[in-house]
Amino acid sequence: MNSAVKQSPEPPDAPAPTAAAAPSAAAYRNLVMATIGFALTFWAWNLIAPMSGDYKDRLGLSSFQQSFLVAVPVLVGSLGRIPVGALTDKHGAKLMFPLVSALTIVPVLLLIPAKNSYGAMIAVGFLLGLGGTTFAIGVPLVNSWFPPARRGFALGVFGMGMGGVALSGYFTPRIAKHGDNLPFLVVAGALVVFALLAAVLVSDHPDRKVPTDTLAHRLGGAAKLRVTWELSALYAIGFGGIVAFGVYLPTYLKTWYEMSPTEAGTKAAGFALVTVVFRPIGGWLSDRVHPALVTAGALLLAALMAVVQAFEPPLNPIGTIALLAMAAGLGTASGSVFALVSQVTPQPKVGSVTGIVGAMGGLGGFVPPLVMGAIYSAKDSYAIGFMLLSDLALAGCVYAYGRMRNVRRGG
């Protein structure tokens, strides 16, 4: 077996707390701040998706153009996690969290003058991707403050910040009813408040090891670990599925089930909420059962529900049950995969590995909306897209059970 998989999850020089240590008040304070920041920046990251139907009508977009507009922030935010994770290893979350949150305010406000131009929206969507990078800041921060025996649950709680997608899906179209520009002003204001609070309340672990080598060397070292790419593939299925549905589900429900934008956004928010609830459950289970087994079971559930949805059932009740069960499976898998990351990655490299794994997860959410839009334009059906999701989830299930069970549990 590859040595990267066999390595001890807590090397002798790691500053992280021992398994027996109880998390401190500072650990919980940082967990709360990281989760709130993750949620707000994810709301910003997903601002375009709930309004995409309006943009489609206003700008006369095709289904593919609409999907591309929604997918651009996902792509940029995913790739941006790689350097942001490595920069967090170097400079710490105390600097990176308020900095990235403050910078995200700029594209949020630029959505106001850009709304009448497709080209301008694509450009602003590119900048808006910055909001999706905070995942790579929060994971190493939380990982450093919690002992191995409690990291799965703590990282799962932090992962609930992806509920920013649900907040966006539910509140953005409702706030827009009171003014086209109001959602962007509300989110920008929330980010200002958080950035100021984060500068005061977020703190790095006092024993944090600061890497002395270059950014390129750290990323290269993380990329050489076989487990980095194994976890990346699993996370691309689990979290990628969540992101894909978060950004495309309103379009799918509006197009296939002929819902209003507000109703579709509400239903999509319900899907996202289920993923949020089940992510810490995935982490909690992984503290008690090998996370590879949790991942395999969760992906199997998602695969089966994708097959059900491929037959295009009526939304009530079969479609609703299938989509919510799929959300539970994908949310659980997202939590359990990062329980594996925390076990096999030395603390000084958590940011770099998280950046790569998180990037692959986000990229897993970039492709499906484009594929779904293209398939619907060509076939006037989403069935093929759901069958492809089922195939990927089943492949991940088999790999997690057959290969990743051999990863040694730590702590």
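**Helix H6 and its surroundings**

Tutor: In this predicted model, H4 and H6 are roughly parallel to each other, because their packing angle falls under the 35 degrees that count as roughly parallel. The angle between the two helices is about 25°, and their axes lie 7 Å apart. Helix H4 covers residues 63–91, and helix H6 covers 118–128. Their crossing is right-handed.

The contact can be listed residue by residue. H4 contributes Gln-65, Phe-68, Leu-69, Val-72, Pro-73 and Val-76. From H6 come Tyr-118, Met-121, Ile-122, Gly-125 and Phe-126.

Together with Val-106, Leu-110 and Leu-127, Phe-126 makes a nonpolar surface patch of about 350 Å². Two elements give two or more residues to this patch, namely helix H5 (93–114) and helix H6.

Two packed helices are described by the angle between their axes and the distance between the axes. For helix H2 (residues 25–45) and helix H10 (residues 182–201), the angle is about 155° and the axes are 10 Å apart. H2 and H10 are therefore roughly antiparallel to each other. The crossing of H2 and H10 is left-handed, while that of H4 and H6 is right-handed. On the H2 side the contact includes Arg-29, Met-33, Ile-36, Gly-37 and Trp-43. Among the residues they meet in H10 are Val-187, Leu-191, Phe-194 and Leu-201.

Some details elsewhere concern single residues or pairs. The structure holds 3 salt bridges. One of them joins the side chains of Arg-58 and Asp-54, at 3.0 Å from N to O. Both residues belong to helix H3 (residues 52–59), where they are 4 residues apart, about one turn of the helix.

Two backbone features remain. Most residues other than glycine have a negative phi, and most peptide bonds are trans. Glu-258 has a positive phi, near 55°, and sits in the loop between helix H12 (226–256) and helix H13 (261–286). The peptide bond joining Asn-316 and Pro-317 is cis, with omega about 0°. Pro-317 has its place in helix H15, which covers residues 315–344.

How values were computed: Residues numbered from 1 in each chain as written. Predicted model: local features only at pLDDT ≥ 70, side-chain atom pairs only at ≥ 80, totals over all residues. Heavy atoms only, no water. Patch = residues over 30% accessible without salt bridge, like charges linked within 9 Å, V, L, I, M, F, W, Y side chains within 5 Å. Areas by Shrake-Rupley, 256 points an atom, 1.4 Å probe, with all protein chains shown as cover. Salt bridge = Lys/Arg side-chain N within 4 Å of Asp/Glu carboxyl O. Axes fitted to C-alpha atoms, helices over the stretch in contact; angles between N-to-C directions. Parallel < 35°, antiparallel > 145°, perpendicular 65-115°, else oblique. Left-handed = near helix turned anticlockwise from the far one by under 90°. Contact = heavy atoms within 4.5 Å.
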